[in-house]
Amino acid sequence: MAITLGIDVGSTTVKLCLLDGEKRLYSSYSRHFSRVRECLLEELGKAAKFAQEVQPCLTGSAGLGLAQRAGLPFVQEVQAAYGAIRKLYPSADVAVELGGEDAKIIFLTGGVEQRMNGSCAGGTGAFIDQMATLLGISVDEMDELSLQAEKVYPIASRCGVFAKSDIQPLLNQGASKSDIAASIFRAVVDQTVTGLAQGRKIAGQVLFLGGPLFFLRGLRKAFRETLHLNDETAIFPDDAPVFMSLGAAMHAETSAAMPMSELIARIGRVETGEIAVGQPLFSSRREYDEFIARHMRSDLRFENIYSYRGDAYLGVDAGSTTTKLLLITPDNKILFSHYQTNNGQPLEIVAGKLRELYSLMGDRIVIRGACATGYGEEMLKAALKLDFGIVETMAHFKAALHFDPAVDFIIDIGGQDIKCFKVKNRAVDSIMLNEACSSGCGSFIQTFAAAMGMGIEEFSRLGLFAAHPVELGSRCTVFMNSSVKQAQKEGASVEDISAGLSSSIVKNAIYKVIRARTPDELGEHIVVQGGTFLNDAVLRSFEKETGKEVVRPAIAGLMGAFGAALYAKENTPPETLISSVATEAELERFAYSAKSVNCRGCTSHCAVNILTFSDGRRFVSGNKCERGAGLKVVKEPLDLYKFKYETLLSLPQRKGGVRVGIPLQLVMYEQLPLWTGFFETCGFEVVLSDRSSRELYFKGQHTVASDTACYPAKLMHGHIESLLDKGVDFIFYPCESYNLDEHDSVNHYNCPVVAYYPELLKANNDRLTDDNLVMPYLDPNDLPSAARALRRALKKYRIPAGVVKAGLREGMRRMREYHESVVAEGARIMREARAAGKRIVVLAGRPYHADPEINHGIDKLLCSLGLAVVSEDAVFEAGDLVNVNVLNQWTYHARLYRAAEYCSRTDDASLVQLVSFGCGIDAITTDEVRAILESRGKLYTQIKIDEINNLGVVKIRLRSMLAAVEELHRRGA
Amino acid sequence: MNEHISDFTDDYPKFTPAMKKTHTVLVPAMLPIHFRLFKHVLGRRGYRVEPLENEGRQVIDEGLKHVHNDACFPALCVIGQYLDALKSGKYDPDRTAVLITQSGGGCRASNYVPLIRKALKAEFPQVPVLSFNFSGLEKGSGVEMSLGLIRSSAFAILYGDLAMTCYYRVKPYERDEGAADACLESCLARLCAAFDAGKEGAFRSLCRSTLKAFSAVPVREEEKLKVGVVGEIYVKYSPLGNAHLADFLLSEGCEPVFPPLCDFVLYCIVNNLNDAKFYGKRGKSTLLYRVAYRYFYGKQRALNRMIRRAGGAPLHDFEDLRALADRVIHQGVKMGEGWLIPAEMAAFAETGTENIVCAQPFGCLPNHIVGKGAIRVLKEHYPNVNIVPVDFDPSASKVNQENRIKLMLGAARSSSQILFRQGQNKIS
């Protein structure tokens, strides 16, 4: 029998397997660092020792193109695996395979089904690599650490960008790395369950395949625990890493035999395919030199810290991935600067550097003022007693003003975020921050460089003189990964990819974050900053894309710290001779311990981190309200969201009779009064689903069919499960194409998800039947047809027509009453806010944003910042009717435009729009709401929310907004 | 109540009737066959229409620059194509307009007109947008509707459906390469001439000549895997939107099957009738919709009779499609392609096309429910059906999409045990 060779060329690895019939002759597994062909040829050379002639078959994502070009047989990888599983593990029920960038699941029994991850789905090997880089450890170390975990935090696993924004605050708050490592693995499992299984249960004997599942014990443990598997039902085969190549080898029985030498020659001959390429960054060395010389001009001068005598000001920027310190003289010369990856421990780094500073300064230099900024601002201020703290956007703005007083546009690309400000009249006019899904920031290049086995400097230098930079598109990390994968497959060089990534980052920033249509919109005097711009390839790409010469200060990476230092200098009163920052003696004794606990202040049970310092002081973070921080609670918060939520929960009153379950989510956040009114009139008892929570979400997670739907919709699955568990007689959830007609828009639709979600629930939850889910199609504007539909749907209960109609009328009355109470309470809140001199925030979203699990306590956060919070439904009727550019045809969205109109002419009210991630309709409304506000000179702030529960970023955004509003007022006054 | 109106609309140019004489009207590449007929439908009414064919990275890049990140992919393709065309130098921006269809449903697609206007405003503020709709939207800047135009459009849809269906039935099996394409060209030439001469009403003779022409194309006797394509209307049909899905399926040795456009039109009409039935939304237009439905459905049945007589498999009867829909989803799901998608999948399963690509733009809202969300129920009714949802997106790589389709094909082939010999890719 001939020898067969399976070749699996994946996104990160090459796997080979030589089979002589059933007997395994040779197998190998190696990372290709994107040098696919070279690596493959090398591995084939090694395999050639074991066989002269083989029947080959390729598989894997990068194998597809290779097979076509070299004229070799190919089998799709899941097919390859399927065949091998059938032969080797006939008793397996499900197989899960995680690869570099793909995740697959095969259901083998009870209807064969094979699934791969969609195009926007992390939770793969590359995701794990990315997370390890973020933690600053190797994947093996992460695995080791995860086994010692005591606690698992919720982390979004949909894509790397999301997870990062979950993990970063945990790191900054001092959560232990072992807990985070375990949480990352848990996130991968959750992703597999929701993203891949999509409503089908993973049960029975489960086979785990692919490299990550073989090498990472922590990941295996997480799978076993989550899926409740034991030694017999969870199988981790020894050949897991090379399983696909084994499958391909089995499949190769029908391939034509060829000498090994010919196979190698054919693959060696494969030519580079066509890929879209752009212009080189520099056409000549001279151009490069001129570019370098021009940027050398924007620099600060230095002062010798060893000889200088006098005052100094300290700025500390504890960013998401890096920590920056800058000590300046009163005439802005640099005495000392420091830039370091914080490895998740900013506090230790800053304390260490302060010690170093004290020893350098001796008694010649006195720190008169110190200011902290960045993610870790509050913690640093508390731990090391810095005098000031400012929100990072303001720090960056201050620093940019120093370099170009005429600056009208600032863009800062850091490790994790992109910040842009437009400047008018020396005040920040608008702020744009990147959304979780249009990232592609500095750490992205870093991760890529690491994947290619080199440091970031080396990697970006390679791009400078690339002849044909690859066009990689301008979207999020996951997409770029697959674009890079394709470019590699087509044979693009590392140089071209490096240059292509730089240009992607720039395009992403300009067109996606800033949303500029043409580069001219940015402005004339542009200052670029942030560590990423120290990368000359990125800087050059930016200048090429905008066609403008920009200012990049040599301290681009230290601008936050510089701005903080300037702030300290400007705000230190003349009578303060020495900063309150921890003294040398205090630093000597300085130590802290971190602990994470669940706050018991209220029902939210926030996971909070407590740092206890050696002098007994404590710092609490992760809390959503003052209660967790141990502060005095605002007695009567001016918070309409709280009022709405509590009012709704108290609605069902009647006990006894048939029990009808109503899931409190989506449309029910407004129509609950209608349906309790209806059912209670008909003599039923209304039972509400459990309150939304992360746990509730997990409860229904296995029935989620589309993982890119919005979080409110995905939460609905948990609500349904909770109602089923309560044993209600049936669940009521109507389908409504049309929402209430409020006579202010062209049409009055619901969004498709709100309108038809019951269909999806029924189709994907085994426990739901025609009997226990009553989902009539009705229009709340037309009582006769709605009454007919209800009567038909509830015919089992024989409700007389008159009672149905009376019930509907009572329901409508209660809904009006509820709405009036919201408006009245909103008016009261605004009155009291005005009396107390507080600003009002119209937190504008949809009715279901009142759910604390969906808004993540943003209302409480706003209150803690000293603001009064009302919702869009309380104010829109005070707004004018509006004519807008878009087709105004959804009820909830029409309210947004009118609420914006109201805010645009109400001096002490600011609008903050809440947008659920994945809401396609808000892609249309946000631009329009922004336009309404900006046409009347008001700031627009948008907060995108998802299942991630990270208020850090939100807080920065809100504080920036407040600072900008204050700035505008100061100037206006 | 506050009745004051604040106007936040931008000024935009409108398409005035006089512009028919001066302006070239650009039409996006959506249905290559149908739109060539529409060119003549509108041409006879004085519009100089030009279906666009530009493609490539620069089209997508223009789209990315001008369309919101979270807006749908079709909007991005259409807008990218307009801007790329306007920048190509082939058209004088002062004498060019762009045309878009609008359904007025509860999905974002109804907002294409404002999205296009926004995009044009940045670079070609003088270019007017012309809306083609039957819902009375955009009165100041729409194609003037008349009974004659509606009737001609109906014929263009039916002839286009027939030509498209015949073409994909013959193409995979043609003995001489290019024979199906040549036949399509000659049929389209005949049809276009009929529209130009105002003789498109010769329904039977035009249908029969098309059927006859295609049945005369010599074919090989061989069995190929049929792959049905359903999904969001733009990515389902548009080669630009679906990365030339039909060509890919042909190159994989499959027979692609596209549901006819008339299904979608009938679906839109029926939704209005359903609104009257479910929600008491009766008005003057209800009667018109009823008449339109009878007329159009009658034509579809007539067409099917002719196809059957010519020995071919008919299009799926629309009333039958509605009955199939009722098995899996409620006909109240009317946004986007709504209940039509599961109904078409069920119809495919019933008629032996068990392998289905469900094409959807990434993040398409209605498709959460009627695409991915309905697969499980369909599988309960039709255990052998093999559905792969594919997301189309400006940056999702082709490898990714093709790999998923290949997975489906591989599964289909191993289950049907058909031996395929295509190149060296033997799968038993």
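Leaving aside neighbours within four places in sequence, B:Ile116 is in contact with B:Ile79, B:Tyr82, B:Val98, B:Ile100 and B:Val129. Contact here requires C-beta atoms, placed from the backbone, within 7 Å. The model is predicted: local features need pLDDT of at least 70 and side-chain atom pairs pLDDT 80 or more, while totals for chains, interfaces and linings use all residues. Residues are numbered from 1 along each chain as its sequence is written, and chains are lettered from A and ligands numbered from 1 in the order in which they are written.

B:Ile116 also belongs to the largest nonpolar core, of 458 residues. Such a core joins buried Ala, Val, Leu, Ile, Met, Phe, Trp, Tyr and Cys residues through C-beta atoms within 7 Å. Buried means 20 or more other C-beta atoms within 10 Å of the residue's own. A:Ala81, A:Ala565, A:Val842, A:Val869 and B:Ile116 touch the most other members. Helix 6 (residues 147-170) of chain B gives the largest share, 13 residues. Helices are DSSP runs (H or I, at least four residues), numbered from the N terminus.

Chain B is divided into domain 1 (2-145) and domain 2 (224-259 + 316-427). These bounds come from an automatic or database domain assignment. The C-alpha centres of the two domains lie 29 Å apart. Their contact takes 19 residues from domain 1 of chain B and 20 from domain 2 of chain B. On the domain 1 side, helix 4 of chain B supplies the largest share, 5 residues.

In chain A, helix 29 (residues 801-836) has 36 residues. A:Gly837 follows helix 29, with a positive phi near 70°.

Note on methods: Helices (H or I, at least four residues) and strands (E, at least two) are DSSP runs, numbered from the N terminus. The expected span of a helix is 1.5 Å times one less than its number of residues. Two residues are in contact if their C-beta atoms, placed from the backbone, lie within 7 Å. A residue is buried if 20 or more other C-beta atoms lie within 10 Å of its own, exposed if 12 or fewer, and partly exposed in between; C-beta atoms are placed from the backbone.
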